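Subject: A structure for you to explore

Hello! Here is the structure I promised to pass on. Please open it and keep it beside you while you read my notes.

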Amino acid sequence: MRIEYDIKLGFKDVMIRPKRSTLKSRSEVSLNREFKFLHSPISWEGIPIMAANMDTVGTFEMAKALSSNKLFTAIHKHYSINDWSLFLAQLPKGAENYIAVSTGIGKNDSAKLAQIFKTHPQLQFICIDVANGYSEHFVHFVKRTREQYPKKVIIAGNVVTGEMVEELLLAGADIIKVGIGPGSVCTTRVKTGVGYPQLSAIIECADAAHGLGGQIISDGGCASPGDIAKAFGAGADFVMLGGMLAGHDESGGEIIEKNGKPFRKFYGMSSSTAMEKHVGGVAEYRASEGKTVEVPYKGSVETTLQDILGGLRSTCTYVGASRLKELTKRTTFIRVNEQENQVYSS
């Protein structure tokens, strides 16, 4: 046993220090990024915000809405082959560049992934997603997937430390998903005691990834547009959202009514709700590591996207970054004990 005494930070522990700027308007800020990848020959251009591969967020409907704005969706893995065919038949040309096919690491997962790509070779992104990216079995699966799909872009996670980012990149991944326990409906930190404050995880993992020519996704912990800005400021190449995109027309989840008002269910993919829905219940050897909540209905996701992108452009004007790419270099974090005046908070 040993203890690390350096303080690790989450989004609530810091704010971004403003700097002199020559920008006259938020409209002068470009949020577009262009990426080349470590292993795949594919290049990508768009706004690097992603919908999480949860069945209450990473839906086909969400992908249609986000791709029209050049944002990305990691489609959840529970759609059938036929569902994929129907979806792709309706998708505008070029929109396939803004979606990833998600998969687990079981034999059935691998077979289904192969069938999807055989039927739809135009798809370019694979998201290999497990709760614990530290297992040797996961690393071997990433290696086999790279051998099987040498030209696809492979996203792999989740991890929170630099050495594992490096191992997964060397194993064949292009982009590493970073985050253990920060999500709004994740209870891993409570159930297991395992985790890592998200801001420090981003800083450590971005440094490791960029040293090898890879990228990272900050996955989880964003509760506001300001948190997304902090994630980019800390070095994230992409930011993945779950709860912030829940509750919309395009989101999944059962619609219910309480006190005459509509809500949508939102739950973690390791929750008992998700496991009962997809695998028939919680296995006797494990515990649920997610919770189920009811999110007030928010209408079209377009309104939320405008709020997020407007906030991010505003961050850039406060620090003088004309492009999102410049935000990290223009960011100085200050440690704080308070974030906002909550006198009128509900």
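Which residue of strand 11 does Met50 stand opposite? The residue is Met240. Before going further, please note that this is a predicted model, where local features need pLDDT of at least 70, side-chain atom pairs count only at pLDDT 80 or more, and totals for chains, interfaces and linings use all residues. Residues are numbered from 1 along each chain as its sequence is written, and side-chain values use heavy atoms, leaving out hydrogens and water.

**The barrel**

Helices (H or I, at least four residues) and strands (E, at least two) are DSSP runs, numbered from the N terminus. Eight strands close into a barrel in the order 4-5-6-7-8-9-10-11, with parallel pairing; two strands pair if DSSP finds at least two bridges between them. From one strand to the next, the twist averages 25°. Strand 4 (residues 49–51) pairs with strand 11 (residues 238–241) over three bridges, in the parallel sense.

**Helices around it**

Helix 1 (residues 60–67) packs on the sheet and touches strand 4, strand 5 (72–75) and strand 6 (99–103), where contact means heavy atoms within 4.5 Å. Its direction makes about 165° with that of strand 5. Such angles run from 0 to 180 degrees between N-to-C directions, with axes fitted to C-alpha atoms, for helices over the stretch in contact. Helix 7 lies across strand 9 (175–178) and strand 10 (215–219), at about 170° to strand 10.

Helix 8 is largely enclosed by the rest of the structure, because nine of its ten residues are buried (under 20% relative accessible area, with a 1.4 Å probe and protein chains only). Among them are Asp227, Lys230 and Phe232. Gly235 follows helix 8 and has a positive phi, near 120°.

**A pocket to look at**

A pocket is an open set of points on a 1 Å grid over the protein atoms alone, with protein on both sides within 12 Å along at least five of seven lines; lining residues have an atom within 4 Å of a point. The second largest pocket has 17 lining residues, and His210, Gly235, Lys325, Thr328 and Lys329 lie nearest its centre. Helix 7 (198–212), helix 8 (225–234) and helix 11 (327–330) each supply at least two residues of this lining, and helix 7 gives the most, with four.

Enjoy exploring!

Note on methods: On a 1 Å grid over the protein atoms alone, a cavity is a set of points where a 1.4 Å probe fits but cannot get out, and a pocket is an open set with protein on both sides within 12 Å along at least five of seven lines; lining residues have an atom within 4 Å of a point. Buried means under 20% relative accessible area, exposed over 50%, partly exposed in between (1.4 Å probe, protein chains only).
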